[in-house]
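Q: I have a model to read. Please take me through its features, one at a time.

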Amino acid sequence: MTRPGRRPALPVIAILLVVGACGPTAGAGGPPPSAPPGGAVITAEAIAFDRIELVAPAEAAFPLLFENRESAPHNVTIVDDADRSLFVGEIFGGPASRTYDVGPLPPGTYRFRCDVHPEMSGTIIARKASPYGSAALH
Amino acid sequence: MATITTGARADVQPTTALLRASVVLLTIGTAAIHASLGGVLFLANAAGYVAFAVAMLLPGRIGPLRWLVRLALLGFTATTIGAWFLFGARFPLAYLDKGLEIALIVVLAIELWQVDGGPASVAGRARQLLKRISAPFLARPAQ
């Protein structure tokens, strides 16, 4: 006979197992992918971006390759000092990647972040291309 | 009317059991979605929902205080929806989660009416509980 006081133990354990199993899972890892021509690359893993600073060309559209290496959904949004969105990338779960087409940014420093996890953030510097060559993208 | 016998007590009506099961399942569902998002805030939120789901199932001493668990879960869910409305990101999984949370609030409200006797009765219980808790602090020694 089952003791009444012990009966909820199974459902409680089941709840903990179900919710625990739903936690974000990491992808395979490895080196960051190479940036698309004339563009930049950024990776998300363990609820963090792999870099806190990006350099992009000013006054020119550029491709931004975003690789999400975990199941948790992420995106890249670029905002100005007043927190106005200049670019909002699609939110998606991983492991997967998207190439965002970012519109021209005036020269200056901006913030990029994940809209789902605002603690994931960094700085993006839009620089005019040097007359001696293209702006270095990181 | 037929009752469900749990072994501990035999006063759970089928509708009550159905409502309780719905509350627990919806709570687990939204906890699982929050856990899947990762990050400290979402995991803390998921842990809160898990604690409520467990509190809805636990027998014994917590039984007479189930109305308080329901009320707290209702407030927790409403706060979560409000926080998302103000600060949260808009994407399909978030909309699904808000759907679950709104359904949870509806079921909790029905349970609050059917099992706890409605807001007036719950307010009365809350007043009694506050009185009981504050009594030792308010009691002054006789002069």
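A: Start with helix 5 of chain B: of its 21 residues, the number buried is zero, so it lies largely in the open. Buried means 20 or more other C-beta atoms within 10 Å of the residue's own, exposed 12 or fewer, partly exposed in between, with C-beta atoms placed from the backbone. Helices (H or I, at least four residues) and strands (E, at least two) are DSSP runs, numbered from the N terminus. The model is predicted: local features need pLDDT of at least 70, side-chain atom pairs pLDDT 80 or more, while totals for chains, interfaces and linings use all residues. Residues count from 1 along each chain as its sequence is written, and chains are lettered from A, ligands numbered from 1, in the order written.

Q: What span does helix 5 of chain B reach from its first C-alpha to its last?

A: The expected span is 1.5 Å times one less than the number of residues. Helix 5 (118-138) of chain B reaches 29 Å, close to the 30 Å expected.

Q: Where does the kink lie in helix 5 of chain B?

A: A bend is the angle between axes fitted to the seven residues ending at a residue and the seven starting there. Here the kink is about 30°, at Arg132(B), shortly before Pro136(B).

Q: How do I read a sheet?

A: Strands pair through backbone hydrogen bonds, either parallel or antiparallel. Two strands pair if DSSP finds at least two bridges between them. Chain A has an open sheet of five strands, order 2-8-7-4-5, with mixed pairing. Its edge strands are strand 2 (53-57) and strand 5 (85-88). Strands 4 (77-79) and 7 (108-113) of chain A pair in the antiparallel sense over three bridges. Ile78(A) has Phe112(A) as its bridge partner.
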